Amino acid sequence: MQQKKKEAEIFEAPYRYIADYLYSYGEISKFFREVKDNKQLYATKCPQCGVVWCPPRGFCSHCYVPTDWVPLTGKGTVLACTYCYFEATGEEQLPHHFDLPFIMAIIKLDGADTGFLHTVRSKEAKMGEIKAGTRVKIVWREPRLGKVVDFYFVPDDGK
Amino acid sequence: MRRVAAVGVGQMPFRSHWAEKSYLAMGMEVTKKALDDAHLTRDEIDAVIYSIYCEMMERQYRPAQFIHDYIGMSGKPGIRHDAAAAGGHYTINEAVVMIASGMFDVMLVLGVQKGQDFYSFETKSRGDGFLKGMYISSEGTWVQPVFPSLAALLTLMTWVPHLEKYGDPTPLQVAKGSAKNHRNAIPNPYAQLKIDVSPEDVMNSRIIGWPTTMYECCLMSDCAAAVILASEERAKQITDKPIWVSGCGVSNYPSNRLAIDDLGRMKGVNMAAKAAYKMAGITKPMEQLDVIEMNDIISASEPMCYEELELCKLGEGGSLLDAGITEKTGSLPVNPSGGRVACGHVASVSDLMSSCSVILQLREEAPGIQVPIKKGRGLVEGIDGIAALSAVTVFERDR
Ligand SMILES: [Zn+2]
């Protein structure tokens with residue numbers, strides 16, 4: 001009873017915090033300019049150790065030297081994936097809503113040495129059909145905003 | 001280096017929402033409990049270190065300074081650390097260093113997080129508000145825009161490739177682990193969820209990120225927890241049951257698993273364990289430990305971390321669950337508190353709760369959840385939501 005009374009006395013008020021950004025991509029600006037304007041994926045290659053970074057890094061984390069831009073084909077291989085039946089992303093961040101379930105994958109893009117986190121879409125594929133080893137290719141969205149959601153991946157049918 | 005012991009703990013129950021207490025009052029409640037447990041006054045605390053990772057949860061940047069004032073510690077050093085769901089370990093680790101160095105004699109480690117004041121006006125749900133409010137913890141350019149929930153991300157980076165590479169843990173083994181922890185939480189006075197679920201119930205619950213199901217995901221809670229640490233000289237004056245911090249290890253790992261070879265592993269946990277074992281003189285953890293509390297942020301991470309903690313070989317973690325070894329009645333109980341899936345979880349606090357829990361186990365004063373203590377050693381493992389920050393702390397009593 002005491003507990004009930006206490007709870008009845010609680011007062012709650014709404015608050016909302018919003019921070020707006022015009023965010024500079026700095027040394028990796030070229031990646032998003034090429035995505036937005038030219039539908040072209042780029043990676044960065046270290047001139048010293050040869051590692052190809054995608055997501056790109058303007059400086060190699062092993063060697064601390066500036067990297068060189070290299071174009072990628074937009075094709076790759078799924079290393080691991082999960083079928084998501086629940087979406088937690090803040091909707092303002094997402095210009096394009098996901099249909100549930102959607103597939104989150106770690107993709108090794110052809111020509112890159114690192115894993116790339118992204119979504120794979122397929123209306124036809126049943127759960128489990130897209131898995132480690134599945135070949136995928138990039139699909140570009142319209143309009144593009146200069147964000148990683150300007151593209152996604154679908155199974156590569158070889159065409 | 002001076003030896004350091006835990007001399008007091010303060011806990012409060014995990015709840016889906018502590019509406020009747022502000023984060024300030026929650027901080028005071030567990031501070032008071034820890035001081036009472038140690039029979040100390042606040043004047044005897046030299047400095048406070050705060051485990052608070054997410055400012056958004058307190059609706060406030062720099063919340064530590066307001067708690068510091070509220071609990072009457074003004075004028076003393078107050079240090080705040082953020083290491084997500086491993087924050088309690090990082091703060092204990094740092095307090096140990098500060099006391100061992102001789103800088104301070106008695107320190108309060110305090111974690112407070114109140115995620116359930118978040119609210120989604122769109123869906124009228126605190127849970128949705130929480131997920132939306134804290135997802136900016138993930139990397140901003142590459143991960144946030146495609147963020148699928150921590151459970152799905154951790155499943156993707158660890159369980160799915162682990163299953164592929166090492167053949168375990170199977171969905172049934174993981175479900176057994178979840179059922180174990182749910183069962184363990186029932187007699188725990190601090191636990192949030194007290195339901196008996198079978199492995200079948202777990203496997204048949206809603207899929208969050210395949211193969212992880214709803215009952216295999218951590219809860220979302222409000223909570224606070226505190227530990228008081230002291231130098232050897234002070235600890236022996238304060239208590240008859242000092243619980244020594246005999247090993248600490250932390251490891252920061254890339255949060256986006258760029259390195260392909262690391263997929264399916266939680267190598268940071270292994271590195272942290274190796275460092276803590278070396279410091280504590282542990283060579284055969286399976287034989288030298290009485291109890292483990294760890295972060296089952298998804299249930300699959302528990303058996304995978306059995307492997308990273310070198311309780312068994314890679315690929316054998318699931319079989320420990322099959323054999324019942326980590327049950328409360330087994331030879332090495334893991335998560336007798338009920339773990340994150342049933343006792344409760346809020347980053348920066350639940351790993352301090354784990355430490356409180358193991359400290360009380362070693363004192364043989366853990367109400368409802370006590371396991372037999374024969375070797376006098378317990379271990380706490382912590383990871384953040386994607387196993388990028390990892391920490392292991394070893395506690396032991398006088399033998
Ligand atoms: Zn390099």
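1. Start with the open sheet in chain A: three strands lie in the order β2-β1-β3, and the pairing is antiparallel. Strands here are DSSP E runs of at least two residues and helices are H or I runs of at least four, numbered from the N terminus; two strands pair if DSSP finds at least two bridges between them. β2 (52–53) and β3 (68–71) of chain A sit at the edges with a single partner strand each, so one side of each has no neighbour in the sheet. Strand β1 (residues 42–45) of chain A is joined to β2(A) by two bridges, and A:Thr44 is found opposite A:Trp53 in β2(A).

2. Before going on, a word on the ground rules. This is a predicted model, where local features need pLDDT of at least 70 and side-chain atom pairs count only at pLDDT 80 or more, while totals for chains, interfaces and linings use all residues. Residues are numbered from 1 along each chain as its sequence is written, chains are lettered from A and ligands numbered from 1 in the order in which they are written, and side-chain values use heavy atoms, with hydrogens and water left out.

3. Next, look at strand β4 (residues 75–84) of chain A. Seven of its 10 residues are buried, so β4(A) is largely enclosed by the rest of the structure. (Buried means under 20% relative accessible area, exposed over 50% and partly exposed in between, with a 1.4 Å probe and protein chains only.) β4(A) pairs with β5 (residues 102–109) of chain A in the antiparallel sense over eight bridges; there, A:Cys84 has A:Phe102 as its bridge partner. Three bridges tie β4(A) to β7 (residues 135–140) of chain A, again running antiparallel, and A:Gly76 is partnered by A:Val136.

4. For chain A overall, you can count two helices and eight strands, in the order α-α-β-β-β-β-β-β-β-β from the N terminus on. Of its 159 residues, 43% count as buried. Contact means heavy atoms within 4.5 Å; among the chain A contacts with a separation of 6 or more, 54% come from residues 24 or more positions apart.

5. Over in chain B, helix α1 (residues 23–38) packs on helix α2 (residues 63–70) at an angle of about 55 degrees, with the axes 9 Å apart. That makes the pair oblique. The axes are lines fitted to C-alpha atoms over the stretch in contact, with angles from 0 to 180 degrees between N-to-C directions; under 35 degrees counts as roughly parallel, over 145 as roughly antiparallel, 65 to 115 as roughly perpendicular, and the rest as oblique. From α1(B), B:Tyr23, B:Leu24, B:Ala25 and B:Met28 meet B:Pro63, B:Phe66, B:Ile67 and B:Tyr70 of α2(B). By class, that contact has eight nonpolar, no polar and no charged residues. (Ala, Val, Leu, Ile, Met, Phe, Trp, Tyr, Cys and Pro count as nonpolar, Asp, Glu, Lys and Arg as charged, and the others, Gly among them, as polar.)

6. Which helix of chain B has eight of eight residues buried? That's α11 (residues 301–308), so α11(B) is largely enclosed by the rest of the structure. Its buried residues, including B:Glu302, B:Glu307 and B:Glu308, pack against α5 (150–166), α6 (171–185), α9 (267–280), α12 (317–322) and β10 (377–383) of chain B. Just after α11(B), B:Glu310 has a positive phi of about 60 degrees.

7. Finally, check B:His162, which sits in helix α5 of chain B. B:His162 is buried, at a relative accessible area of 0%. Setting aside neighbours within four places in sequence, B:His162 has contacts including B:Asp168, B:Gly264, B:Met304 and B:Glu307; B:Met304 and B:Glu307 are among the buried residues of α11(B).
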